[in-house]
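Colleague: Could you take me through this model feature by feature, giving the general idea before the particular case?

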Amino acid sequence: METLLIIGAGAAGSVTAKKAAMNRDVFKTIHLASRRISSCEAVAKQCATPVHTHQVDADYTEAVIDLINNTKPDLVINMALPYQDLTIMDACVATGVHYMDTANYEPREEAKFSYKWQWPYDPKFADKGILGILGCGFDPGVSNIFCAYAQEHLFDVIHTIDIVDCNDGSHGKSFATNFNPEINLREVTQAGKYWKNGQWIEIDALSINCMVDYPEVGERKSYLIYHEEEESLVKNIKGLKQIRFWMTFSDNYIKHLDVLQSVGMTRIDPVMYKGHPVIPIEFLKELLPPPSSLGAGYTGRTSIGCIFDGLKDGKPKRVFIYNVCDHAQCYQEVQAQAVSYTTGVPPVVGAMMLFKGEWGGNGVKNVEQFPSKPFLEELARQGLPWHVKELAANEQDDLFAVKT
Ligand SMILES: NC(=O)c1ccc[n+]([C@@H]2O[C@H](COP(=O)([O-])OP(=O)(O)OC[C@H]3O[C@@H](n4cnc5c(N)ncnc54)[C@H](OP(=O)(O)O)[C@@H]3O)[C@@H](O)[C@H]2O)c1
């Protein structure tokens, strides 16, 4: 395996292309395709080594099949939007090519992301002898692999997992989202949800918060939201009793979100305006800064990880596995901010695992189903070092005290 096709030349896709282009020992040929050829050409100019560029509208399976037939990749990575997951998976099945993404499918007309559309592709992928690797960004992605590592190497049984995600950066804009605005706002405006003792428990959006102590950042208010990796982790982490996901939002972000929501600007259904149907959230996306424009001058860090509570050798144990990523350093390396960097680098590492034979098999799988150690070793080499910290009994007490 030596040929890679990346679809989506946005904020995160540009990082994937640039990082792949720094690893020519593994990726002999790299193709980058996107809805606008200009997006690909702008990225290709900044790549350290040559990358082939193509135009494709990945909403159409036939268009992706033509692209695959022309480029003959071993793996297609969807770095565009979750809306394109299924059309690209269909094209991979039709052509017998491995597939990877960083976010699970959600239909445009319903803001409910779930694996229920992608997992049923398992027999089709298995019949073709190809792999569909789901959710290989940071969270989902590295967060799942931290869980696999904890299960394999640190615990006999994990009872609770809290995935904690802090962006303590400052981009200087009054309001912007760190990845695609439409997908981001759909995610944070939907009801919160967590899993306990075999049940999903739904809560009002952003109605539970607590202080989490983030490495190299400090204590930050964090909100309980639903995140897609919980759906696969409850199946793949044995003996689990509870999983929750927490994310920081600044008061400024919450204030803007409240206003936008209350006036209907985050609606995903069409509204008639001067005789034309307009979807408010799609229009809003056009007004907000693209995430790829936020990198220059972005300061601060992301601090993201998983906090585990469980047993080892019959004794209680708490561990925090995390990564800290600096916005300005990412910009210096690949002209992108840390959220794009932490999303765009893990798929390169996942592709390396596949190309080098560390990850294999067939069918559709989530990343925690593959060996965690070789991935995490390579992740650190590719710019995302990670750390394991054993927690004392009084650490993260606010988080552990939240009764859910
Ligand atoms: N797992 C994680 O940790 C994680 C974190 C953040 C984001 N994500 C995922 O990453 C996605 C991308 O985020 P981003 O910040 O890179 O967003 P972005 O900057 O808006 O990039 C999305 C790109 O998708 C391309 N695109 C859209 N529709 C397309 C189509 N029909 N055919 C081909 N290309 C199409 C666009 O291409 P053009 O520029 O050519 O128009 C755009 O550049 C998010 O939506 C989310 O699903 C995952």
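Predicted model: local features only at pLDDT ≥ 70, side-chain atom pairs only at ≥ 80, totals over all residues.

Colleague: How many helices and strands does the protein chain have, and what are its overall dimensions?

Modeller: There are 14 helices and 18 strands in the protein chain, and its C-alpha trace spans about 55 × 55 × 40 Å along the principal axes. A compact globule of 404 residues would have a radius of gyration near 22 Å, and the 20 Å of the protein chain agrees with that. Buried residues account for 49% of the 404 residues, and of the contacts between residues at least 6 apart in sequence, 71% join residues at least 24 apart.

Colleague: Which domains does the assignment give, and where do their centres lie?

Modeller: According to the domain assignment, domain 1 consists of 3-138 + 340-381 and domain 2 of 142-338 + 384-401. Their C-alpha centres lie 22 Å apart, and 34 residues of domain 1 are in contact with 34 residues of domain 2. On the side of domain 1 that touches domain 2, the elements giving two or more residues are α1, α12 and α13 (372-381).

Colleague: How should I read the sheet, and which strands stand at its edges?

Modeller: Strands of a sheet pair through backbone hydrogen bonds, either parallel or antiparallel. Here an open sheet of 7 strands has the order β3-β2-β1-β4-β5-β6-β17, with parallel pairing. The edges are formed by β3 (52-55) and β17 (363-366), each of which has a single partner strand, so one side of each is left without a neighbour in the sheet. From one strand to the next, the twist averages 20°.

Colleague: Which residues of the largest nonpolar core touch the most other members?

Modeller: In soluble globular proteins, nonpolar side chains tend to be buried together. The largest nonpolar core holds 113 residues, of which I7, A17, L32, V76, I88, I161 and A351 touch the most other members. Helix α12 (residues 338-355) gives the most to this core, with 11 residues, and at least three residues come from each of domain 1 and domain 2. Leaving aside residues up to four places away in sequence, V76 touches L5, I7, I68, I88, C92, V97 and Y99.

Colleague: Is Q337, then, buried or exposed?

Modeller: The cut-off for a buried residue is 20 or more other C-beta atoms within 10 Å of its own; Q337 has 31 and is therefore buried. Q337 sits in the loop between α11 (327-334) and α12, and, not counting residues up to four places away in sequence, it touches G169, N178, L294, G295, Y298, H327, C330 and Y331. Q337 and A12 are 325 residues apart in sequence, yet their C-alpha atoms are 9.2 Å apart in space.

Notes: Residues numbered from 1 in each chain as written. Core = buried A, V, L, I, M, F, W, Y, C linked by C-beta atoms within 7 Å. Buried ≥ 20, exposed ≤ 12 C-beta atoms within 10 Å, placed from the backbone. Helix = DSSP H or I, 4+ residues; strand = E, 2+ residues; numbered from the N terminus. Domains from an automatic or database assignment. Contact = placed C-beta atoms within 7 Å. Pairing = 2+ DSSP bridges. Axes fitted to C-alpha atoms, helices over the stretch in contact; angles between N-to-C directions. Rg over C-alpha atoms; globule rule 2.2 N^0.38 Å.
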